[in-house]
Amino acid sequence: MATRWETARSVWIEDDGGSFILQDSAGPGATASPADWQALPRSRHADIAALLGASLPRRCAHSSIYPEGFAFCPVCGESLTTPARDTGAPGWRGVEAMTTSAQNAGAPEWWGVDASLPRHVPQGLPVTALPLAAAIEARAPDAPARPDITLPAAPNAVCVFAAARFGYAAQRLLALAYTRNALQYWDPCARLWHVLAAEEGASALTFTVSDYAWLPAEQSARRGEVAIVPTASGLFRLLIDPLRDSYRTEPVLQAPLVSAPGAARRRIACLFKGSAGVALWTAQADGADPEVLACPAIPDSDWSRPLFYDDRLIWLHAEGHLLWQSGGAPTWVPWPAGWRPKRDFGGPVQSRDGRLWLIGHDGQAYSFVELGTASAQVEPIAGARLGFATLLFRRGHPVINEPWDTETIEDPAENESLVLPLLQQFNGLRHQPAGLVLRVERYTGRVESALESMVLPQVTVEWIGQRNVRLDELVRLARPADCLPFIYDGCLWLHHPDWSQIRGWRLKDAA
Ligand SMILES: [Zn+2]
(Lines give C-alpha, C1' and ligand atoms only; values in the text may rest on other atoms or scores of the structure.)
Protein backbone atom coordinates (compact mmCIF):
# COMPACT_ATOMS: atom_id res chain seq x y z
CA MET A 1 0.00 0.00 0.00
CA ALA A 2 1.38 3.35 -0.98
CA THR A 3 1.49 5.97 1.75
CA ARG A 4 0.75 9.64 1.18
CA TRP A 5 2.91 12.21 3.00
CA GLU A 6 2.07 15.87 3.17
CA THR A 7 4.58 18.52 4.26
CA ALA A 8 4.02 22.27 4.42
CA ARG A 9 4.92 22.76 0.75
CA SER A 10 4.71 19.40 -0.94
CA VAL A 11 2.97 16.06 -1.26
CA TRP A 12 4.82 12.74 -1.55
CA ILE A 13 3.85 9.13 -2.19
CA GLU A 14 5.89 6.38 -0.54
CA ASP A 15 5.60 3.08 -2.41
CA ASP A 16 5.82 -0.40 -0.91
CA GLY A 17 9.59 -0.47 -1.31
CA GLY A 18 10.02 2.75 0.70
CA SER A 19 10.78 4.89 -2.35
CA PHE A 20 9.38 8.44 -2.34
CA ILE A 21 7.85 10.10 -5.39
CA LEU A 22 7.12 13.80 -5.44
CA GLN A 23 3.49 14.42 -6.32
CA ASP A 24 3.15 18.14 -5.86
CA SER A 25 5.77 20.67 -4.88
CA ALA A 26 3.73 23.79 -5.29
CA GLY A 27 2.92 24.78 -1.77
CA PRO A 28 0.36 27.37 -0.78
CA GLY A 29 -0.66 29.86 -3.42
CA ALA A 30 1.32 28.27 -6.23
CA THR A 31 0.25 26.24 -9.22
CA ALA A 32 0.57 22.48 -9.01
CA SER A 33 3.79 21.23 -10.51
CA PRO A 34 4.07 17.44 -10.25
CA ALA A 35 7.58 16.39 -11.18
CA ASP A 36 8.59 13.13 -12.70
CA TRP A 37 11.41 12.61 -10.25
CA GLN A 38 12.52 9.30 -11.75
CA ALA A 39 12.89 10.95 -15.17
CA LEU A 40 15.28 13.60 -13.88
CA PRO A 41 18.95 12.92 -14.51
CA ARG A 42 20.84 11.90 -11.40
CA SER A 43 23.00 15.02 -11.72
CA ARG A 44 19.95 17.20 -11.00
CA HIS A 45 18.98 15.46 -7.76
CA ALA A 46 21.12 17.49 -5.35
CA ASP A 47 19.93 20.79 -6.82
CA ILE A 48 16.27 19.78 -6.83
CA ALA A 49 16.49 18.53 -3.25
CA ALA A 50 17.99 21.88 -2.20
CA LEU A 51 15.26 23.79 -4.05
CA LEU A 52 12.59 21.77 -2.26
CA GLY A 53 14.40 21.60 1.06
CA ALA A 54 14.19 17.80 0.70
CA SER A 55 16.59 15.15 2.06
CA LEU A 56 18.86 12.82 0.08
CA PRO A 57 20.07 9.30 0.94
CA ARG A 58 23.54 8.94 2.40
CA ARG A 59 24.19 5.18 2.53
CA CYS A 60 21.02 3.21 1.79
CA ALA A 61 19.21 2.81 -1.54
CA HIS A 62 15.60 2.68 -0.39
CA SER A 63 14.73 5.99 -2.03
CA SER A 64 16.57 8.53 -4.16
CA ILE A 65 14.92 11.43 -2.29
CA TYR A 66 13.00 11.97 0.97
CA PRO A 67 10.49 14.65 1.92
CA GLU A 68 11.53 17.87 3.66
CA GLY A 69 12.47 17.42 7.27
CA PHE A 70 13.28 13.68 7.05
CA ALA A 71 16.52 12.96 8.93
CA PHE A 72 16.38 9.15 8.73
CA CYS A 73 15.27 6.60 6.14
CA PRO A 74 11.96 5.22 7.47
CA VAL A 75 12.79 1.72 6.15
CA CYS A 76 16.26 1.13 7.59
CA GLY A 77 16.89 4.08 9.89
CA GLU A 78 20.05 5.25 8.12
CA SER A 79 20.69 8.98 8.49
CA LEU A 80 19.98 11.23 5.49
CA THR A 81 21.68 14.30 4.04
CA THR A 82 19.56 17.33 4.82
CA PRO A 83 19.99 20.57 2.85
CA ALA A 84 22.16 23.32 4.26
CA ARG A 85 20.15 26.02 5.98
CA ASP A 86 19.49 28.96 3.71
CA THR A 87 21.81 31.72 4.85
CA GLY A 88 19.36 34.45 3.98
CA ALA A 89 22.00 35.98 1.73
CA PRO A 90 20.57 38.95 -0.10
CA GLY A 91 19.25 38.45 -3.58
CA TRP A 92 19.88 40.52 -6.65
CA ARG A 93 17.25 41.62 -9.09
CA GLY A 94 19.46 43.43 -11.53
CA VAL A 95 21.28 46.70 -11.24
CA GLU A 96 18.52 48.21 -13.30
CA ALA A 97 15.74 46.75 -11.22
CA MET A 98 12.87 48.86 -10.06
CA THR A 99 10.39 47.59 -7.60
CA THR A 100 6.73 48.19 -7.07
CA SER A 101 7.04 47.59 -3.35
CA ALA A 102 8.76 49.57 -0.64
CA GLN A 103 11.08 46.65 0.04
CA ASN A 104 13.83 46.39 -2.51
CA ALA A 105 16.15 43.42 -2.21
CA GLY A 106 14.97 40.19 -0.63
CA ALA A 107 15.28 39.10 3.00
CA PRO A 108 18.73 40.46 3.81
CA GLU A 109 19.02 38.58 7.09
CA TRP A 110 22.73 38.51 7.64
CA TRP A 111 23.18 42.12 6.63
CA GLY A 112 20.78 43.12 9.34
CA VAL A 113 19.64 46.17 7.41
CA ASP A 114 16.77 47.34 5.29
CA ALA A 115 18.18 47.17 1.77
CA SER A 116 15.64 49.47 0.13
CA LEU A 117 16.82 52.78 -1.27
CA PRO A 118 15.48 56.00 0.23
CA ARG A 119 13.08 58.02 -1.88
CA HIS A 120 15.58 60.71 -2.78
CA VAL A 121 17.76 58.18 -4.65
CA PRO A 122 16.76 57.63 -8.30
CA GLN A 123 15.61 54.07 -9.07
CA GLY A 124 16.83 52.43 -12.26
CA LEU A 125 20.50 53.39 -11.90
CA PRO A 126 23.26 51.01 -10.73
CA VAL A 127 22.83 52.05 -7.09
CA THR A 128 22.37 49.54 -4.28
CA ALA A 129 21.65 49.92 -0.59
CA LEU A 130 23.34 46.61 0.27
CA PRO A 131 26.23 47.49 2.63
CA LEU A 132 29.02 46.22 0.41
CA ALA A 133 31.58 48.68 1.81
CA ALA A 134 31.52 47.11 5.26
CA ALA A 135 32.46 43.74 3.78
CA ILE A 136 34.89 44.81 1.07
CA GLU A 137 36.76 47.42 3.10
CA ALA A 138 37.28 44.78 5.81
CA ARG A 139 39.44 42.71 3.47
CA ALA A 140 43.01 42.29 4.70
CA PRO A 141 45.15 45.21 3.47
CA ASP A 142 47.69 42.77 2.04
CA ALA A 143 45.07 40.60 0.31
CA PRO A 144 46.13 40.01 -3.30
CA ALA A 145 44.23 41.86 -6.02
CA ARG A 146 42.50 38.86 -7.51
CA PRO A 147 39.09 37.16 -7.26
CA ASP A 148 38.37 34.79 -4.39
CA ILE A 149 36.33 32.47 -6.60
CA THR A 150 35.02 32.15 -10.15
CA LEU A 151 31.93 30.83 -11.90
CA PRO A 152 31.93 29.66 -15.51
CA ALA A 153 30.25 32.26 -17.70
CA ALA A 154 26.82 31.36 -19.04
CA PRO A 155 26.95 30.08 -22.64
CA ASN A 156 24.94 33.07 -23.89
CA ALA A 157 27.02 35.81 -22.35
CA VAL A 158 25.11 39.03 -23.09
CA CYS A 159 22.65 38.81 -20.24
CA VAL A 160 21.07 40.25 -17.12
CA PHE A 161 21.22 38.44 -13.78
CA ALA A 162 18.76 37.76 -11.00
CA ALA A 163 19.50 35.91 -7.76
CA ALA A 164 16.59 35.08 -5.49
CA ARG A 165 14.72 32.16 -4.01
CA PHE A 166 11.85 32.57 -6.49
CA GLY A 167 9.61 30.90 -3.92
CA TYR A 168 11.88 27.87 -3.41
CA ALA A 169 13.92 26.87 -0.38
CA ALA A 170 17.30 27.99 -1.76
CA GLN A 171 18.61 31.01 -3.65
CA ARG A 172 19.37 30.42 -7.32
CA LEU A 173 20.99 32.47 -10.08
CA LEU A 174 19.40 33.19 -13.47
CA ALA A 175 21.06 34.79 -16.50
CA LEU A 176 18.60 35.94 -19.15
CA ALA A 177 20.25 36.42 -22.55
CA TYR A 178 17.69 38.89 -23.86
CA THR A 179 19.23 39.22 -27.33
CA ARG A 180 19.21 35.44 -27.92
CA ASN A 181 16.03 34.21 -26.23
CA ALA A 182 17.93 32.06 -23.72
CA LEU A 183 16.98 31.82 -20.06
CA GLN A 184 19.93 30.23 -18.25
CA TYR A 185 19.78 28.60 -14.82
CA TRP A 186 22.85 27.93 -12.68
CA ASP A 187 22.83 24.58 -10.88
CA PRO A 188 25.36 25.22 -8.11
CA CYS A 189 25.43 21.55 -7.05
CA ALA A 190 26.44 20.22 -10.48
CA ARG A 191 28.20 23.52 -11.32
CA LEU A 192 26.44 23.68 -14.69
CA TRP A 193 24.36 26.20 -16.59
CA HIS A 194 21.08 24.88 -18.04
CA VAL A 195 19.11 26.65 -20.74
CA LEU A 196 15.52 26.40 -19.55
CA ALA A 197 13.12 25.17 -22.26
CA ALA A 198 10.04 27.20 -23.16
CA GLU A 199 6.83 25.41 -22.16
CA GLU A 200 4.13 25.19 -24.80
CA GLY A 201 2.73 28.63 -25.60
CA ALA A 202 5.49 30.54 -23.80
CA SER A 203 6.60 33.80 -25.37
CA ALA A 204 10.10 34.21 -26.79
CA LEU A 205 12.12 36.38 -24.39
CA THR A 206 14.06 38.42 -26.95
CA PHE A 207 13.90 42.20 -26.53
CA THR A 208 16.27 44.44 -28.48
CA VAL A 209 14.27 47.45 -29.66
CA SER A 210 15.46 49.56 -26.69
CA ASP A 211 17.66 49.11 -23.60
CA TYR A 212 16.70 46.10 -21.49
CA ALA A 213 15.13 46.21 -18.02
CA TRP A 214 12.75 43.87 -16.21
CA LEU A 215 10.52 44.38 -13.18
CA PRO A 216 11.35 41.82 -10.49
CA ALA A 217 8.51 39.95 -8.84
CA GLU A 218 7.75 40.71 -5.22
CA GLN A 219 9.17 38.40 -2.56
CA SER A 220 5.69 37.12 -1.80
CA ALA A 221 5.08 36.13 -5.42
CA ARG A 222 4.07 32.64 -6.52
CA ARG A 223 6.62 29.85 -6.58
CA GLY A 224 8.82 30.25 -9.67
CA GLU A 225 7.82 33.84 -10.42
CA VAL A 226 10.82 35.87 -11.60
CA ALA A 227 9.78 39.17 -13.11
CA ILE A 228 7.64 41.05 -15.58
CA VAL A 229 9.77 40.98 -18.72
CA PRO A 230 9.60 42.96 -21.98
CA THR A 231 9.59 40.91 -25.20
CA ALA A 232 9.12 41.67 -28.88
CA SER A 233 5.42 40.82 -28.55
CA GLY A 234 4.58 42.47 -25.24
CA LEU A 235 4.99 42.40 -21.48
CA PHE A 236 4.90 38.97 -19.85
CA ARG A 237 5.12 37.52 -16.39
CA LEU A 238 8.03 35.04 -16.36
CA LEU A 239 7.86 31.89 -14.20
CA ILE A 240 10.52 29.19 -13.96
CA ASP A 241 10.14 25.52 -13.07
CA PRO A 242 13.63 24.19 -12.26
CA LEU A 243 12.16 20.74 -11.57
CA ARG A 244 11.34 20.48 -15.26
CA ASP A 245 14.13 22.72 -16.55
CA SER A 246 11.51 24.94 -18.15
CA TYR A 247 9.85 28.34 -18.04
CA ARG A 248 6.47 29.70 -18.97
CA THR A 249 5.01 33.16 -19.50
CA GLU A 250 1.69 34.84 -18.80
CA PRO A 251 0.65 37.88 -20.84
CA VAL A 252 0.38 41.26 -19.11
CA LEU A 253 0.21 43.39 -22.28
CA GLN A 254 0.25 41.98 -25.81
CA ALA A 255 1.47 44.76 -28.10
CA PRO A 256 4.72 45.67 -29.92
CA LEU A 257 6.77 47.29 -27.19
CA VAL A 258 8.91 50.36 -27.75
CA SER A 259 10.61 50.56 -24.34
CA ALA A 260 11.40 48.52 -21.25
CA PRO A 261 8.84 48.82 -18.44
CA GLY A 262 9.21 50.95 -15.33
CA ALA A 263 7.47 51.07 -11.98
CA ALA A 264 6.02 54.20 -10.44
CA ARG A 265 5.15 53.04 -6.94
CA ARG A 266 2.17 50.70 -7.36
CA ARG A 267 1.77 51.30 -11.10
CA ILE A 268 3.83 49.92 -13.95
CA ALA A 269 4.18 51.54 -17.37
CA CYS A 270 5.86 51.09 -20.72
CA LEU A 271 5.81 52.52 -24.25
CA PHE A 272 4.29 50.56 -27.14
CA LYS A 273 3.40 51.07 -30.79
CA GLY A 274 -0.31 51.87 -30.99
CA SER A 275 -2.47 52.48 -34.05
CA ALA A 276 -1.76 56.22 -33.88
CA GLY A 277 1.92 56.15 -32.97
CA VAL A 278 3.76 55.47 -29.73
CA ALA A 279 1.51 55.36 -26.66
CA LEU A 280 2.06 54.79 -22.95
CA TRP A 281 0.39 51.79 -21.31
CA THR A 282 0.01 51.71 -17.54
CA ALA A 283 -1.67 49.39 -15.03
CA GLN A 284 -1.45 48.18 -11.45
CA ALA A 285 1.45 45.80 -10.88
CA ASP A 286 -0.98 42.85 -11.13
CA GLY A 287 -2.23 44.12 -14.52
CA ALA A 288 -5.50 45.48 -13.14
CA ASP A 289 -6.92 48.88 -14.07
CA PRO A 290 -5.04 49.26 -17.39
CA GLU A 291 -4.98 52.59 -19.17
CA VAL A 292 -3.55 53.80 -22.50
CA LEU A 293 -2.32 57.38 -22.77
CA ALA A 294 -1.52 59.12 -26.05
CA CYS A 295 2.03 60.42 -26.42
CA PRO A 296 3.29 63.31 -28.53
CA ALA A 297 5.15 62.27 -31.70
CA ILE A 298 8.17 60.43 -30.24
CA PRO A 299 10.71 57.87 -31.52
CA ASP A 300 9.73 54.18 -31.59
CA SER A 301 13.10 52.62 -30.61
CA ASP A 302 16.42 53.13 -28.80
CA TRP A 303 15.04 54.32 -25.47
CA SER A 304 17.00 53.99 -22.25
CA ARG A 305 15.64 51.81 -19.51
CA PRO A 306 13.41 54.06 -17.40
CA LEU A 307 14.32 55.84 -14.19
CA PHE A 308 11.91 56.60 -11.40
CA TYR A 309 12.57 59.78 -9.47
CA ASP A 310 10.53 62.50 -7.81
CA ASP A 311 7.29 60.60 -8.57
CA ARG A 312 8.03 60.54 -12.30
CA LEU A 313 9.15 57.88 -14.74
CA ILE A 314 11.80 59.17 -17.17
CA TRP A 315 12.83 57.49 -20.44
CA LEU A 316 15.91 59.00 -22.13
CA HIS A 317 16.49 59.14 -25.88
CA ALA A 318 19.13 60.67 -28.17
CA GLU A 319 16.58 63.33 -29.16
CA GLY A 320 14.99 64.14 -25.80
CA HIS A 321 13.28 62.58 -22.79
CA LEU A 322 9.77 61.48 -21.91
CA LEU A 323 8.33 62.19 -18.46
CA TRP A 324 5.27 60.63 -16.92
CA GLN A 325 3.68 61.00 -13.52
CA SER A 326 0.85 58.68 -12.50
CA GLY A 327 -2.45 60.47 -13.09
CA GLY A 328 -1.03 62.85 -15.68
CA ALA A 329 -0.25 62.92 -19.39
CA PRO A 330 3.19 61.92 -20.79
CA THR A 331 5.38 64.93 -21.60
CA TRP A 332 8.12 64.98 -24.23
CA VAL A 333 11.03 67.35 -23.60
CA PRO A 334 13.53 67.69 -26.50
CA TRP A 335 17.17 68.49 -25.71
CA PRO A 336 18.49 72.02 -26.31
CA ALA A 337 19.23 72.72 -30.00
CA GLY A 338 22.44 71.04 -31.17
CA TRP A 339 22.98 69.19 -27.86
CA ARG A 340 23.24 65.39 -27.78
CA PRO A 341 23.41 63.25 -24.63
CA LYS A 342 26.33 60.93 -23.88
CA ARG A 343 24.30 58.09 -22.44
CA ASP A 344 27.23 55.68 -22.38
CA PHE A 345 29.12 57.94 -19.95
CA GLY A 346 26.99 56.48 -17.13
CA GLY A 347 23.63 58.02 -16.43
CA PRO A 348 21.87 60.93 -14.77
CA VAL A 349 23.71 62.59 -11.88
CA GLN A 350 22.25 64.42 -8.89
CA SER A 351 23.07 67.96 -7.83
CA ARG A 352 23.07 68.96 -4.18
CA ASP A 353 19.55 70.38 -4.44
CA GLY A 354 18.31 66.99 -5.70
CA ARG A 355 17.81 67.82 -9.40
CA LEU A 356 18.90 65.29 -12.03
CA TRP A 357 21.31 66.17 -14.85
CA LEU A 358 22.58 64.40 -17.94
CA ILE A 359 25.97 64.89 -19.59
CA GLY A 360 26.17 65.64 -23.31
CA HIS A 361 27.94 67.62 -25.99
CA ASP A 362 26.75 70.53 -28.15
CA GLY A 363 29.38 70.18 -30.88
CA GLN A 364 31.71 72.58 -29.09
CA ALA A 365 31.92 71.41 -25.49
CA TYR A 366 30.53 69.06 -22.86
CA SER A 367 27.81 70.23 -20.50
CA PHE A 368 25.21 68.99 -18.03
CA VAL A 369 21.56 69.59 -18.94
CA GLU A 370 18.90 69.57 -16.25
CA LEU A 371 16.29 66.81 -16.64
CA GLY A 372 12.55 67.13 -16.22
CA THR A 373 11.86 70.64 -17.48
CA ALA A 374 11.55 72.36 -20.85
CA SER A 375 13.37 75.42 -19.48
CA ALA A 376 16.44 73.37 -18.54
CA GLN A 377 19.44 74.92 -16.90
CA VAL A 378 22.74 74.11 -18.66
CA GLU A 379 26.04 73.83 -16.79
CA PRO A 380 29.13 73.87 -19.04
CA ILE A 381 32.12 71.70 -18.09
CA ALA A 382 35.63 71.51 -19.48
CA GLY A 383 35.90 67.76 -20.14
CA ALA A 384 34.15 64.39 -20.08
CA ARG A 385 32.91 62.99 -16.76
CA LEU A 386 31.93 59.38 -16.13
CA GLY A 387 29.38 58.16 -13.59
CA PHE A 388 25.80 58.36 -12.37
CA ALA A 389 23.84 59.38 -9.25
CA THR A 390 26.56 60.84 -6.98
CA LEU A 391 29.45 58.61 -8.08
CA LEU A 392 31.17 60.78 -10.68
CA PHE A 393 34.77 61.10 -11.94
CA ARG A 394 36.80 63.42 -14.16
CA ARG A 395 39.58 61.17 -15.41
CA GLY A 396 41.09 59.59 -12.26
CA HIS A 397 39.68 62.16 -9.85
CA PRO A 398 36.36 62.14 -7.97
CA VAL A 399 33.84 64.95 -8.42
CA ILE A 400 32.20 65.15 -5.03
CA ASN A 401 30.26 68.40 -4.83
CA GLU A 402 28.08 69.62 -7.71
CA PRO A 403 28.45 67.50 -10.86
CA TRP A 404 29.97 70.49 -12.71
CA ASP A 405 32.35 71.48 -9.87
CA THR A 406 36.11 71.09 -10.14
CA GLU A 407 37.27 67.57 -9.43
CA THR A 408 39.04 66.75 -6.15
CA ILE A 409 42.71 66.06 -6.87
CA GLU A 410 44.15 63.79 -4.20
CA ASP A 411 46.92 62.34 -6.36
CA PRO A 412 48.04 64.33 -9.45
CA ALA A 413 49.30 61.07 -11.00
CA GLU A 414 45.66 60.11 -11.50
CA ASN A 415 45.51 62.67 -14.33
CA GLU A 416 46.77 59.75 -16.38
CA SER A 417 44.05 57.30 -15.45
CA LEU A 418 40.38 57.07 -16.21
CA VAL A 419 37.80 55.89 -13.67
CA LEU A 420 34.58 54.26 -14.89
CA PRO A 421 31.99 53.71 -12.11
CA LEU A 422 30.05 50.43 -12.31
CA LEU A 423 27.99 50.28 -9.09
CA GLN A 424 27.37 52.78 -6.31
CA GLN A 425 26.59 51.80 -2.76
CA PHE A 426 24.21 54.37 -1.37
CA ASN A 427 25.62 55.50 1.98
CA GLY A 428 24.09 58.95 2.45
CA LEU A 429 27.55 60.55 2.40
CA ARG A 430 27.79 62.96 -0.49
CA HIS A 431 31.37 63.90 0.39
CA GLN A 432 32.46 60.27 0.43
CA PRO A 433 30.67 58.20 -2.19
CA ALA A 434 31.38 54.47 -2.28
CA GLY A 435 31.24 51.96 -5.09
CA LEU A 436 32.83 49.59 -7.53
CA VAL A 437 34.81 51.15 -10.38
CA LEU A 438 37.23 50.26 -13.14
CA ARG A 439 40.43 52.29 -13.22
CA VAL A 440 42.00 52.40 -16.69
CA GLU A 441 45.69 52.86 -15.93
CA ARG A 442 48.00 55.17 -17.87
CA TYR A 443 45.38 56.33 -20.32
CA THR A 444 45.40 59.86 -21.65
CA GLY A 445 43.32 59.37 -24.80
CA ARG A 446 39.72 60.34 -25.45
CA VAL A 447 37.08 58.96 -23.12
CA GLU A 448 34.91 57.95 -26.10
CA SER A 449 37.70 55.77 -27.54
CA ALA A 450 38.25 53.99 -24.22
CA LEU A 451 34.54 53.13 -24.02
CA GLU A 452 34.06 52.06 -27.61
CA SER A 453 36.77 50.35 -29.57
CA MET A 454 40.12 50.33 -27.84
CA VAL A 455 41.68 47.32 -26.17
CA LEU A 456 42.83 48.73 -22.83
CA PRO A 457 46.13 47.16 -21.78
CA GLN A 458 45.76 47.57 -18.01
CA VAL A 459 42.60 48.04 -15.97
CA THR A 460 42.14 47.70 -12.20
CA VAL A 461 38.91 46.59 -10.56
CA GLU A 462 38.71 48.79 -7.49
CA TRP A 463 36.41 49.52 -4.58
CA ILE A 464 36.26 53.23 -3.71
CA GLY A 465 35.14 54.25 -0.24
CA GLN A 466 36.60 55.12 3.13
CA ARG A 467 39.36 52.76 2.09
CA ASN A 468 40.13 51.98 -1.53
CA VAL A 469 40.58 48.26 -2.19
CA ARG A 470 42.16 46.84 -5.33
CA LEU A 471 40.18 43.72 -6.21
CA ASP A 472 41.66 42.57 -9.52
CA GLU A 473 43.96 43.51 -12.35
CA LEU A 474 42.67 43.00 -15.89
CA VAL A 475 44.82 42.77 -18.98
CA ARG A 476 43.49 43.71 -22.41
CA LEU A 477 39.92 44.76 -21.75
CA ALA A 478 37.63 46.09 -24.49
CA ARG A 479 34.25 47.76 -23.94
CA PRO A 480 34.79 48.25 -20.19
CA ALA A 481 31.24 49.56 -19.73
CA ASP A 482 29.96 46.05 -20.55
CA CYS A 483 31.23 44.92 -17.14
CA LEU A 484 28.20 43.97 -15.07
CA PRO A 485 28.36 43.53 -11.28
CA PHE A 486 25.81 41.49 -9.33
CA ILE A 487 25.36 39.89 -5.92
CA TYR A 488 24.73 36.16 -5.48
CA ASP A 489 25.37 33.63 -2.72
CA GLY A 490 27.16 36.08 -0.44
CA CYS A 491 29.60 37.27 -3.11
CA LEU A 492 30.08 40.29 -5.33
CA TRP A 493 30.48 39.09 -8.92
CA LEU A 494 31.76 40.83 -12.05
CA HIS A 495 30.78 39.59 -15.51
CA HIS A 496 31.95 40.70 -18.95
CA PRO A 497 30.58 39.09 -22.13
CA ASP A 498 34.14 38.43 -23.37
CA TRP A 499 35.21 36.49 -20.27
CA SER A 500 34.92 32.73 -19.87
CA GLN A 501 34.78 33.13 -16.07
CA ILE A 502 32.72 35.38 -13.83
CA ARG A 503 34.98 36.81 -11.11
CA GLY A 504 33.77 36.79 -7.50
CA TRP A 505 34.75 38.29 -4.14
CA ARG A 506 33.34 36.96 -0.86
CA LEU A 507 31.37 39.47 1.18
CA LYS A 508 31.91 37.65 4.45
CA ASP A 509 34.44 35.25 5.90
CA ALA A 510 33.83 31.58 5.48
CA ALA A 511 33.58 31.46 9.27
ZN1 LIG B 1 17.10 3.11 3.89
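The largest nonpolar core of this predicted model has 135 residues, and those with the most contacts inside it are Phe 161, Leu 174, Leu 176, Val 226 and Ala 227. A nonpolar core here is a set of buried Ala, Val, Leu, Ile, Met, Phe, Trp, Tyr and Cys residues joined through C-beta atoms within 7 Å. A residue is called buried if 20 or more other C-beta atoms lie within 10 Å of its own, exposed if 12 or fewer do, and partly exposed in between, with C-beta atoms placed from the backbone. Leu 174 touches Phe 161, Ala 162, Leu 183, Gln 184, Tyr 185 and Val 226, leaving aside residues up to four places away in sequence; contact means that the C-beta atoms of two residues, placed from the backbone, lie within 7 Å.

Residues are numbered from 1 along each chain as its sequence is written. Because the model is predicted, local features need pLDDT of at least 70 and side-chain atom pairs count only at pLDDT 80 or more, while totals for chains, interfaces and linings use all residues.

Turning to the whole chain, three helices and 39 strands are found; these are DSSP runs numbered from the N terminus, with at least four residues (H or I) for a helix and at least two (E) for a strand. The radius of gyration is 24 Å, close to the 24 Å that the globule rule gives for 511 residues, so the chain is as compact as a globular protein of that length. The radius is taken over C-alpha atoms, and the rule is 2.2 Å times the number of residues to the power 0.38. Of the 511 residues, 45% count as buried. Among contacts with a separation of 6 or more, 49% join residues 24 or more positions apart.

How many of the eight residues of helix H1 are buried? Six of the eight residues of H1 (residues 45–52) are buried, so this helix is largely enclosed by the rest of the structure. The buried residues are Asp 47, Ile 48, Ala 49, Ala 50, Leu 51 and Leu 52, and they pack against strand S4 (56–57) and strand S10 (182–187). Just after H1, Gly 53 takes a positive phi of about 75°.

The strands come next. Strands of a sheet pair through backbone hydrogen bonds, either parallel or antiparallel. Four strands form an open sheet in the order S21-S22-S23-S24, with antiparallel pairing; two strands pair if DSSP finds at least two bridges between them. The edge strands, S21 (307–309) and S24 (331–334), each pair on one side only. Within this sheet, S22 (residues 312–317) and S23 (residues 320–325) pair over six bridges, and Leu 316 stands opposite His 321 in S23.

In strand S26, five of its five residues are buried. S26 pairs in the parallel sense with S30 (residues 386–389) over two bridges, where Val 349 has Ala 389 as its bridge partner. S26 also pairs with S27 in the antiparallel sense over two bridges, with Gln 350 opposite Leu 356. These two strands form a hairpin with five residues between them, and Gly 354 in the turn has a positive phi of about 95°. Arg 352 lies in the loop between S26 (346–350) and S27 (356–361) and is exposed, with 11 other C-beta atoms within 10 Å.
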